[in-house]
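Please open the structure in your viewer and keep the selection tool at hand. The stops below are meant to be taken in order.

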Amino acid sequence: MAIRVKTTRRKVFEHDAPMRVVAVLGGRLSEEGRLLDSELDGAIGQILKETKFKGEFGTTMHLPLPRLQVLLVGLGRLRGHRLGDVRLAGVRVAEAIVERGVREAAVENFLAARFGKRETSRALAEGLYLGGYRFNKYQGGGKPPRARFVIAQGYGPAAEQAGQLAAGVYFARDLVNEPPNVLNPVELARRAEAMAREAGLEARVLGPEEIQELGMGAYWAVAKGSDNEPRFIELVYRPPQPSARRLALVGKGLTFDTGGYSLKPPEAMKTMKGDMAGAAAVIGAMQVVAALKPPVEVRAYVAAAENMISGHAYRVDDVIRAMNGKTIEVLNTDAEGRLTLADALAYASRAEPDAIVEISTLTGSCVVALGREVAGLFAADEALGRGVQRAAEAAGEKVWPMPMEEAYRRKLNSKVADLANVGDRNGGAIQAALFLAEFAEAPFVHLDIAGPGFAPAAEEHPYGPAGGTGFGVRTLVQWVLDQA
Ligand code: BES
Ligand code: MN
Ligand code: ZN
């Protein structure tokens with residue numbers, strides 16, 4: 001990664017980086033800031049007095065002093081912080097520094113006295129990595145920003161772990177950001193395999209013949225309309241000591257979603273390269289799991305496909321059969337994600353996992369309900385749902401529980417098949433979750449990330465630029481670590 005975060009025992013004023021970053025808390029310089037200020041003969045305090053920088057949370061002010069540059073970061077009021085605020089402050093710092101093209105900065109270990117330097121080092125390093133991400137390979141010059149951050153009085157191992165986590169998030173973001181003419185299902189599988197080889201994971205990749213032989217008729221129906229072949233991807237992490245506990249991660253992997261014959265209008269089709277954000281999240285999470293080596297077995301599954309129109313494409317009114325034998329009436333070819341996931345969940349269930357966490361950009365309905373920054377959490381198993389929610393909180397990713405309202409199951413009743421792939425408009429995200437639950441034969445949680453998986457604008461992404469967010473990587477990793 002072009003962003004690197006290290007730690008030092010020294011204080012910010014003792015470091016020799018050309019840029020020093022200190023906090024403003026309750027409108028006043030932090031202790032580190034005051035030490036730096038006295039080293040600079042009160043220049044910072046003077047400017048603070050003269051300008052109207054209030055130090056509101058997340059705001060920054062750049063001071064190009066004669067001897068060195070200083071970046072002030074507002075941490076808002078004196079009290080009431082959460083550890084996650086340190087992560088968010090780190091994001092703002094990285095953004096300010098990357099925008100300025102600064103190559104090295106010494107950063108105060110914000111709020112270390114309050115939360116302990118180990119925890120704040122981890123949160124700050126995460127924020128610095130996440131905020132420093134850019135995807136510019138297709139633009140003139142096309143190199144990611146290079147910057148080195150040094151956390152003053154930081155805890156090295158925590159920063160290192162943050163780096164491993166960030167690598168998984170970067171990988172996921174890159175997968176989402178790649179245009180769909182480059183990242184088709186074949187390329188997604190290739191990159192997942194290459195990562196697996198590097199990280200020491202097992203990888204199994206299936207093509208059209210095997211998909212059909214296995215009876216994955218729902219997945220195949222979606223996939224067969226495209227000239228780009230589908231790829232079913234399975235990644236396996238086996239812990240150093242054999243473990244009885246087995247976890248499954250399933251991600252939606254539509255490398256592009258036109259809607260099929262239930263064609264999307266042009267505006268809605270924009271950003272549909274991001275319809276594999278769930279797949280990216282599980283693949284990114286597996287990279288981190290391989291690095292952190294928790295004592296549980298984890299398998300990841302992605303039924304990668306492209307939802308296109310052609311003489312081979314599936315139609316409305318088709319009846320298809322999923323791997324578990326259930327038949328599905330297709331009433332809308334744009335409700336394709338749940339069809340690919342039906343077979344992925346049925347396949348995952350065969351390994352008899354203790355839990356399945358599935359993540360997908362599944363419904364516009366969930367975006368209407370929760371907006372762009374909050375994922376919907378649908379738990380068929382309450383305890384599992386609470387565990388995933390707790391993990392998301394710790395990771396700083398916003399998820400909110402939604403009801404798996406059984407009364408709506410009848411909306412999916414079909415006159416010709418075991419179930420229909422859509423019901424009506426009302427509670428669409430819930431119906432989608434109920435549909436998926438029909439195919440998972442283990443304690444099951446569904447995360448609908450149609451909102452937070454892809455940020456059309458940076459304002460809607462708290463941890464980085466517009467585009468792929470990598471949402472879910474950190475939650476999934478945290479959840480896996482919690483199972484140990
Ligand atoms: N990939 C979309 C869902 C989506 C919408 C993701 C907006 C990201 C942003 C999914 O395949 C889809 O088209 N869902 C339909 C379902 C409907 C036909 C029941 C939708 O949400 O409109
Ligand atoms: Mn769709
Ligand atoms: Zn889709």
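Begin with Thr-361, where a backbone N or O atom lies 3.4 Å from a nitrogen atom of ligand 1, a polar contact in the sense of a pair of N or O atoms within 3.5 Å. Then turn to Asp-275, whose side chain has an N or O atom 2.8 Å from a nitrogen atom of ligand 1. On its own ligand 1 has 510 Å² of accessible area, and the protein covers 77% of it, as computed by the Shrake-Rupley method with a 1.4 Å probe.

Bear in mind that this is a predicted model, in which local features need pLDDT of at least 70 and side-chain atom pairs count only at pLDDT 80 or more, while totals for chains, interfaces and linings use all residues. Residues are numbered from 1 along each chain as its sequence is written, chains are lettered from A and ligands numbered from 1 in the order in which they are written, and side-chain values use heavy atoms, with hydrogens and water left out.

Now select the residues around ligand 1, meaning those with a heavy atom within 4 Å: there are 15, and Lys-264, Asp-275, Asp-334, Glu-336 and Gly-364 come nearest.

Widen the view to the largest pocket, where ligand 1 sits, which is to say that more than half of its atoms lie within 2 Å of the grid points. A pocket is an open set of points on a 1 Å grid over the protein atoms alone, with protein on both sides within 12 Å along at least five of seven lines, and its lining residues have an atom within 4 Å of a point. The space in the largest pocket is about 880 Å³, and of its 35 lining residues Lys-264, Leu-362, Thr-363, Gly-364 and Ser-365 are the closest to the centre. Colour helix 13 (364-370), which gives the most to this lining, with three residues.

Move on to the second largest pocket, which holds about 740 Å³ of space; among its 30 lining residues, Arg-87, Glu-393, Ala-394, Ala-395 and Gly-396 are the closest to its centre.

Of its 17 lining residues, select His-461, Pro-462, Tyr-463, Thr-469 and Phe-471, the closest to its centre.

Technical notes
Polar contact = N/O pair within 3.5 Å; in protein donor to acceptor, adjacent residues only side chain to side chain. 1 Å grid on protein atoms, 1.4 Å probe; cavity = no way out; pocket = protein on both sides within 12 Å on 5 of 7 lines; lining within 4 Å. Points joined across faces, edges and corners; volume = space filled by probe spheres on them. Helix = DSSP H or I, 4+ residues; strand = E, 2+ residues; numbered from the N terminus.
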